[in-house]
Amino acid sequence: MNLPTPAIVAERGVERLPRLALLLLCAAYVLPGIFGRDPWRNADLTSFGFMASIAEGRAPWWQPAIAGIPAEGGPLPYWLGALAIKALPFLDAPIAARLPYALVLVGVLVAVWYTCLHLARTDAAQPVAFAFGGEAQAVDYARALADGALLALMASLGLLQLGHETTPELVQLLAVSVYLYGLAAAPYRRGRSRAAVILSLPVLAASGAPAVACMLGLLGVLLNHRSSYDEAKTQRIWLIGALALAVLAAWAFDGWAWRVRHDVQVGSLLSLLAWFCWPAGPLALWTLWRWRRHGLRRHITVPAIALLVPLAACIAMDGSERALLLALPSLAILAAFALPTLSRGFSAAVDWFSVFFFSAAALFFWLYYLSMHTGWPPRPLANLRRLAEGFEPEFSAVALLLAIAATAAWLALVRWRTARHRHALWKSLALPAGGVALGWLLVMSLLLPPLDYARSLAPLVARLKARMPASAQCLAAPGQNLATLAALEWHGGWQVQGRGALEASTCRHAVISAGQPTPRGWQVVAQVKRPTDRSGTAGLVLLQRQ
């Protein structure tokens, strides 16, 4: 039965987002943060530690390890960084490791755009046809919604930091996005859609999410079984094959070490959903409501299954934001289908909120930058020196020029959006996406030195190294977390023993956490702490064997 759709879109509403502007926006979102910083604790530094252990020959390719502690899940994400480190020896290892992950993030953006494009081309997703013509054409409508989905994804706060880390979750995000593309493109691109599903599920399983891969595969088989498209029905056998490969990949890489935690707090979960999924989450809920009579149509069911599985995984893993990350592509696609149904008043409210919030944030960043380099206003610099002991500002002309260009682009975008009424479907997401890109670029240029000083463990290791004999090559560090062990190996250059008891260690020096009792047979040499640690509880105590 053909039901009228809630989308009423005139031909002027599918104005195409200029490709050059879209590419520059994507570059401003993807590139900042690749250069000029150390790996940050905790997950970013831990993942880099596994990559460096492979590239430097301290661990086998099949089993990455930090200080003798093997990685959980599949090694595939660590292979990307290790291969880049070995292939680009002229670059610093952290920079080389980030480059393939920047391409992974680009792949996520591209996959989401094409997924929304194919879903918007289906008959059930098309806008209402006007009696005397003038409605949007199918292809133009699909492209406008795809632009909106891309903007919604970049505007999502949850993707901002996690999307720029070198962690397995980013590879999982790409696999989910490609899987969504495979389902969406089945009626139109038979070969590409089959290749997408046969590759995405094994990659997802080999990246540490086998349960998510199996659930997505099973739901995909069920969805295609009841599809009205013959091409989608024929995809079922490929999905079953992808499921089998995913199970084999998880078994080969011992990826079934996944554990469920049952102590989820409802309040913290709702808080996470509120900020992590903003603004795509509320728009996706609006889509589900306005398109409720089309709930079994392909443009709703395809992103819905890839939303429910990560959401269930997030709940099962005690509100894990890294599990919820996999839901962002589906949320962005669902948010795009809300755009044809939004009122003019709602769009204006989003615009003015974005202008106020992101302009205020940019002003705050610029004030901190001026205070660091000129001393005015004095309070930000005083706060910075108090919170980051020993930090000294560093001037970079390149960072300043990039920040000026980004601020000028933001002002131009605000002027373009508020100068007159715009009809393009994606107009409501232009300022949120541009504001997020502006904020990220300003932080990664103007405030990168103090942020890197605060989030890197290099200053802590440097203080520890100053207390260690220059000839020391071995360091015992049992009980330390993986990020600390990775920092000791990478920044310190020591052979670190992260397992076993101190009594059985062959090293003459060891570190324990501050507050722990001194083991028998060892004496305290010094206690060091991170420059940003005000309480001293996050420091290390250097020991020497008596």
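**A residue, the fold and the cysteines**

Mentor: Let us start with D230, which is placed in helix α10, residues 230-233. Please keep in mind that the model is predicted.

Trainee: Is D230 buried or exposed?

Mentor: D230 counts as exposed, because its relative accessibility is 56% and the cut-off for exposed is over 50%.

Trainee: And how far is D230 from A136?

Mentor: Their C-alpha atoms are separated by 27 Å, and the two residues are 94 apart along the chain.

Trainee: Turning to the whole chain, how many helices and strands does the protein have?

Mentor: The secondary structure comes to 23 helices and seven strands. The radius of gyration is 25 Å, close to the 24 Å that the globule rule gives for 546 residues, so the protein is as compact as a globular protein of that length. Along the principal axes, the C-alpha trace spans about 90 × 60 × 45 Å.

Trainee: What percentage of the residues count as buried?

Mentor: Of the 546 residues, 55% count as buried. The protein exposes about 24200 Å², and carbon and sulfur atoms supply 64% of that area.

Trainee: What about contacts between residues at least 6 apart in sequence?

Mentor: Among those contacts, 75% join residues at least 24 apart.

Trainee: How far apart are the mean positions of the positive and negative charges?

Mentor: They are 3 Å apart, for 45 positive and 27 negative charges.

Trainee: Now the cysteines. Which two are joined by a disulfide?

Mentor: C474 is joined to C507, with an S to S distance of 1.7 Å. This pair links distant parts of the chain, 33 residues apart: C474 is in strand β3 (residues 474-476), and C507 is in the loop between β4 (495-497) and β5 (509-513). The count for the protein comes to one disulfide.

Trainee: Are C474 and C507 buried or exposed?

Mentor: C474 is buried, because its relative accessible area of 19% is under the 20% cut-off. C507 also counts as buried, at 1% relative accessibility.

Trainee: Where is the nearest cysteine sulfur to C214?

Mentor: C214 is in no disulfide, and the nearest cysteine sulfur, that of C314, is 20 Å away. C214 counts as buried, at 15% relative accessibility.

Trainee: And what is the distance for C277?

Mentor: For C277 the nearest cysteine sulfur is also that of C314, 8.3 Å away. C277 is in no disulfide, because the cut-off requires sulfur atoms within 2.5 Å. With a relative accessible area of 6%, C277 is buried.

Trainee: Changing topic to the backbone, where are there cis peptide bonds?

Mentor: One joins R41 and N42, with omega about 10°. N42 lies in the loop between α1 (19-30) and α2 (43-55). Another joins W278 and P279, with omega about -5°, and P279 lies in the loop between α12 (266-276) and α13 (280-290).

Trainee: Why would one look at such places?

Mentor: Most peptide bonds are trans, and most residues other than glycine have a negative phi.

Trainee: Which residues other than glycine have a positive phi here?

Mentor: They include A67, with phi near 55°, and D318, with phi near 60°. A67 lies in the loop between β1 (65-66) and β2 (69-70), and is buried, with a relative accessible area of 7%. D318 is placed in the loop between α14 (298-316) and α15 (321-324), and counts as partly exposed at 27% relative accessibility.

Technical notes: Residues are numbered from 1 along each chain as its sequence is written. This is a predicted model: local features need pLDDT of at least 70, side-chain atom pairs count only at pLDDT 80 or more; totals for chains, interfaces and linings use all residues. Side-chain values use heavy atoms; hydrogens and water are left out. Helices (H or I, at least four residues) and strands (E, at least two) are DSSP runs, numbered from the N terminus. The radius of gyration is taken over C-alpha atoms; the globule rule is 2.2 Å times the number of residues to the power 0.38. Buried means under 20% relative accessible area, exposed over 50%, partly exposed in between (1.4 Å probe, protein chains only). Contact means heavy atoms within 4.5 Å. Accessible areas come from the Shrake-Rupley method with a 1.4 Å probe; for residues, only the protein chains shown count as cover. Lys and Arg count as positive and Asp and Glu as negative; His and the chain ends are not counted. The place of a charge is taken as NZ of Lys, CZ of Arg, CG of Asp or CD of Glu.
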